[in-house]
Amino acid sequence: MATRDAVRPIAREEILRQQAIAREIRERPDRPLTYHLVTYGCQMNAHDSQTLAGMLEEMGMAPEADREKAGLILFNTCCIRDNAERRAMGNIVFTRKIKRVRPELLVGVCGCMAQQEGFQERLSRRYPHVDFSFGPGEIYQLPQRLLDAMEGRREQAFRRGEDSTLYEGLPILRSSPFFAYQTVMYGCDNFCSYCVVPLVRGRERSRELKQIVSEAQRLVDEGVQEIMLLGQNVNSYGRDTGGPRFEDLLRALGQTGIRRLRFMTSHPKDLSDELIAEMARNPAVCPHLHLPAQSGSDRMLAAMNRRYTRDWYLERVRALRQAIPHIGLTSDLIVAFPGETEEDFEQTLSLARQVRFDSAFTFIYSPRSGTAAARLPGRIDPEVARERILRLIALQEDITREVLRGLVGQTASVLAEGLSKRDPGQLTGKTGRGIACNFSADPDRIGQIVPVLITGQGSKTLKARQIEKENP
Ligand code: 5AD
Ligand code: SF4
């Protein structure tokens with residue numbers, strides 16, 4: 001288990017030093033004037049990109065939607081599965097062509113791919129058109145890395161750093177005035193046998209409760225209605241510090257006046273009764289939980305090192321539904337893990353049928369180097385894997401449609417995020433359960449939580465209209 005000693009909090013002075021470099025870059029006539037930021041992967045990366053954008057703007061750069069025109073192209077990468085990696089690599093390689101025409105272009109690569117053993121060396125050696133790279137634990141170093149690149153200190157610009165850092169007080173460019181991400185903990189100690197995250201994001205480090213709550217208070221004062229708390233396994237918040245646990249954090253955040261709290265990701269093995277009770281009691285906590293099951297087969301769960309059984313998972317679902325009857329559950333499911341038989345796979349189908357998730361992300365197992373599962377025998381034929389995932393997707397689509405149909409006629413509340421892209425006469429947003437909803441309402445309700453009556457459904461979305469008041 002990680003201890004407090006393993007954590008190296010970034011001193012305020014280090015952040016100030018980076019800010020001084022940022023100011024220096026801002027004054028330089030040879031700095032890039034615009035940036036094009038490409039983000040792959042999970043919400044944690046999306047959140048990191050908001051921080052990167054905040055820092056780039058501090059350095060006097062403006063966003064540029066067209067990569068062919070940007071002064072700096074920065075890739076915030078993901079390595080969770082092979083296809084995420086291949087897509088990023090294809091685009092990184094492509095920037096060589098742009099640089100041939102505009103040699104002053106700067107190219108940077110950060111995120112989880114950059115933290116893989118040996119990646120930065122290979123990148124620097126094979127792709128001389130890439131100028132700098134840093135891992136997800138070092139985003140606060142962006143000004144230094146950029147300056148190293150601008151001044152041709154290639155070795156420093158590609159230095160692989162430690163991953164045991166916590167940082168506070170970086171600027172951030174939020175995508176919406178009503179919604180914000182907050183990281184509550186970094187890293188993961190679970191070592192699910194297929195997963196590369198613990199290797200690239202390091203050991204669990206919880207931020208201090210006080211810091212998170214005062215940041216949330218600032219967000220609420222600025223008009224934020226919904227906060228999504230992020231961590232690879234938020235249920236183990238506080239385990240590394242011996243301090244307050246996740247339910248204590250939710251309680252404290254509830255007192256900031258925030259209207260909606262969501263969080264992800266939760267590990268079923270750590271979903272405690274205390275947390276469920278707090279979710280039920282705290283009016284700000286949305287009736288939604290993303291609870292990745294991964295598989296419905298005990299044999300596969302053991303091989304995945306998930307440390308719970310199918311029965312345990314189903315029992316937690318019962319406890320959740322008993323405490324919060326209208327809760328919507330979503331999940332991640334992996335098919336074709338090494339050794340998965342047709343019977344194992346059918347157990348996953350039957351779990352999905354039994355739980356009736358609102359929706360699920362489905363993945364074909366992708367071997368990741370350095371993980372325990374990459375050494376397992378029993379690779380599944382790609383044709384079989386494809387056939388299984390299609391069956392699972394078809395089943396889940398049916399279930400989603402049925403769940404949505406069951407909601408028609410009920411009331412809900414929706415955070416109005418903006419005008420619907422498809423139908424600008426409508427507003428769009430998410431219900432408390434996290435389901436996308438298009439509804440007719442006055443555009444001046446954007447940014448507010450609006451009570452609606454659900455009047456219909458699409459395949460993944462709800463249709464609704466504004467009403468006076470939501471039924472209890
Ligand atoms: N192959 C396929 N899916 C994976 N996930 C994580 N690692 C892998 C892998 N090697 C999935 C899990 C996890 C989600 C974020 O990605 O379902 O919950
Ligand atoms: Fe990966 Fe498992 Fe940690 Fe999630 S809990 S990040 S799947 S090791």
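Start with contacts, meaning heavy atoms within 4.5 Å. Among those between residues at least 6 apart in sequence, 75% join residues at least 24 apart. What you have open is a predicted model, where local features need pLDDT of at least 70, side-chain atom pairs count only at pLDDT 80 or more, and totals for chains, interfaces and linings use all residues. Residues are numbered from 1 along each chain as its sequence is written, chains are lettered from A and ligands numbered from 1 in the order in which they are written, and side-chain values use heavy atoms, leaving out hydrogens and water.

**The whole chain**

Show the chain as a cartoon and look for 14 helices and 20 strands. These are DSSP runs (helices: H or I, at least four residues; strands: E, at least two), numbered from the N terminus. Switch to the C-alpha trace: along its principal axes it spans about 60 × 60 × 45 Å.

Now colour by burial. Buried means under 20% relative accessible area, exposed over 50%, and partly exposed in between (1.4 Å probe, protein chains only). Of the 472 residues, 56% are buried.

**Aromatic pairs**

Next, select the aromatic side chains. Rings of Phe, Tyr and Trp (its six-membered ring) pair if their centres lie within 6.5 Å; planes under 30 degrees apart count as stacked, over 60 as edge-to-face and the rest as tilted. How many aromatic pairs does the structure hold? There are 7.

Zoom in on phenylalanine 179 and tyrosine 181: their ring centres are 5.2 Å apart and the planes sit at 80°, so this pair is edge-to-face. Phenylalanine 179 is partly exposed because its relative accessibility is 22%, while tyrosine 181, at 16%, counts as buried.

Then hop to tyrosine 313 and phenylalanine 357, with centres 6.5 Å apart and planes at 65°, so they are edge-to-face too. Tyrosine 313 belongs to helix 12 (residues 310-323), and phenylalanine 357 to the loop between helix 13 (342-355) and strand 15 (359-364), so the pair ties together parts 44 residues apart in sequence. Buried or exposed? Tyrosine 313 is buried, at 1% relative accessibility, and phenylalanine 357 is buried at 0%.

One more ring stop: select Tyr194, Phe337 and Tyr365, which ring pairs link into a cluster.

**Around ligand 2**

Which residues are around ligand 2? They are Cys188, Asn190, Phe191, Cys192, Tyr194, Cys195, Val197, Pro198, Gln232, His267 and Arg306, counting a residue if one of its heavy atoms lies within 4 Å. This shell divides into 7 nonpolar, 3 polar and 1 charged.

Terms used:
Ala, Val, Leu, Ile, Met, Phe, Trp, Tyr, Cys and Pro count as nonpolar, Asp, Glu, Lys and Arg as charged, and the others, Gly among them, as polar.
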